[in-house]
Amino acid sequence: MDCDKCGDEAVMHAAYSGLHLCNDHFCRSVETRVRRRVREDTLVPRSAAPDDPETWVVGLSGGKDSVVLTQVLHDTFEDDPRIELVALTIHEGIEGYRDESLEACEELTAGLDVRHEVVSYAEEFGVRMDDVVEDDPEGMAACAYCGVFRRDVLERYAEELGADKLLTGHNLDDEAQTALMNFFEGDVQQMASHYDASLGPFPEMDPYGEADDSATDVPADPTERPRRPQDHHVPRAKPLRDVPEKEVALYAHLRDLPAHITECPHAEEAYRGEVQELLLGMEERHPGTRHSVVAGYEKLASLASSAFGAAEPAEYGECANCGAPTGRDVCRKCDLLDALEAA
Ligand code: SF4
Ligand SMILES: [Zn+2]
Ligand SMILES: [Zn+2]
């Protein structure tokens, strides 16, 4: 087949758009979608200036998603002195997995001349995921421990590195899965938090400031309202979330990016896997399903945030042990580390 834009040989066909695209036009379309998302989510604030740049910490695992995100952001902002990128890699202590992907991260960031920081669970917490899986004092999936530790490290280092935003490489499939999982669990509060933490556009001005409740830049369409600022977490963003997983992989391949492909040996999010299968089946029979699930979900999450968002911050305090923001006396990470020590 030929490219619908230029007639060169097509490298892909997107059933949801009907388009066939060549190497060049496909790569451009991925970059355009990321840049449009950066714009629509108002990631670059008006206040960012060359003498007061924004720092964006990118969670770089070495997998295709975070590698593509880092590359495209670098290409986009390389000559823009308002934005500074820092890549942050977490070493979980997983034999035969993270060492290789760490090499990919180092190759990528050295080639792009992007600052790269590596932190490990071993140094931070004195644990390695391989041992955690072995001990398993709480009878949980590996990812349940790993996710708690990862959040803690990302939050602390984002702060330490002076991050204004924390960017992660979630793709369209990841987001559609999370959306469906929240629907299936009926968790509307979770949808609201999801919106405020990582989905909604950043407010250009503070429409929720004390001074003015009738603020003018709350959009007429209530499903396009900005997220509520969260004072206890570094705000997150997912600029790759309009690009399907397969296209992220194809982009990494066509541009010959140093991405590490192997799956983590402890990956066992069974429920997410089921949802993914369901979605891929639907997508095959009804192209565009993932896009519409995510678009509809974000609108509903925005409405849920309007209804729920205001009450949350007051419930947050500090962990008595480590000082991390938490709604409990002692944070979940400290609980898990205690249990591991006792095991
Ligand atoms: S798959 Fe699970 S255990 Fe492996 S790195 Fe990811 S969160 Fe951690
Ligand atoms: Zn073309
Ligand atoms: Zn703690």
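Tutor: Helices (H or I, at least four residues) and strands (E, at least two) are DSSP runs, numbered from the N terminus. This is a predicted model, in which local features need pLDDT of at least 70 and side-chain atom pairs count only at pLDDT 80 or more, while totals for chains, interfaces and linings use all residues. Residues are numbered from 1 along each chain as its sequence is written, and chains are lettered from A and ligands numbered from 1 in the order in which they are written.

The loop is the one between α8 (188-199) and β7, and Pro226 lies in it. Pro226 counts as buried because 23 other C-beta atoms lie within 10 Å; the cut-offs are 20 or more for buried, 12 or fewer for exposed and partly exposed in between, with C-beta atoms placed from the backbone. The C-alpha atom of Pro226 is 5.5 Å from that of Phe202, although 24 residues separate them along the chain.

Confidence needs a word here. pLDDT is the predictor's confidence in each residue, from 0 to 100. Its mean over the chain is 90, with 93% of residues at 70 or more. Over residues 209-216, however, pLDDT stays under 50, and the model has 1 contact there beyond four places in sequence. A contact means that two C-beta atoms, placed from the backbone, lie within 7 Å.

At the end of the loop is β7. Strands pair if DSSP finds at least two bridges between them. β7 (236-237) is an edge strand, as is β5 (115-120), each pairing on one side only. They belong to an open sheet of 5 strands in the order β5-β4-β3-β6-β7, with parallel pairing.

Next comes the nonpolar core, a set of buried Ala, Val, Leu, Ile, Met, Phe, Trp, Tyr and Cys residues joined through C-beta atoms within 7 Å. The largest has 69 residues, of which Val57, Val58 and Val68 touch the most other members. Helix α6 supplies the largest share of this core, 8 residues. Beyond four places in sequence, the contacts of Val68 include Leu240, Val248 and Leu257.

Helix α6 (residues 142-160) also gives the most to the shell around ligand 1, with 4 residues. Among the residues surrounding ligand 1 are Glu92, Cys143, Cys264 and His266; the test is a C-beta atom, placed from the backbone, within 6 Å.
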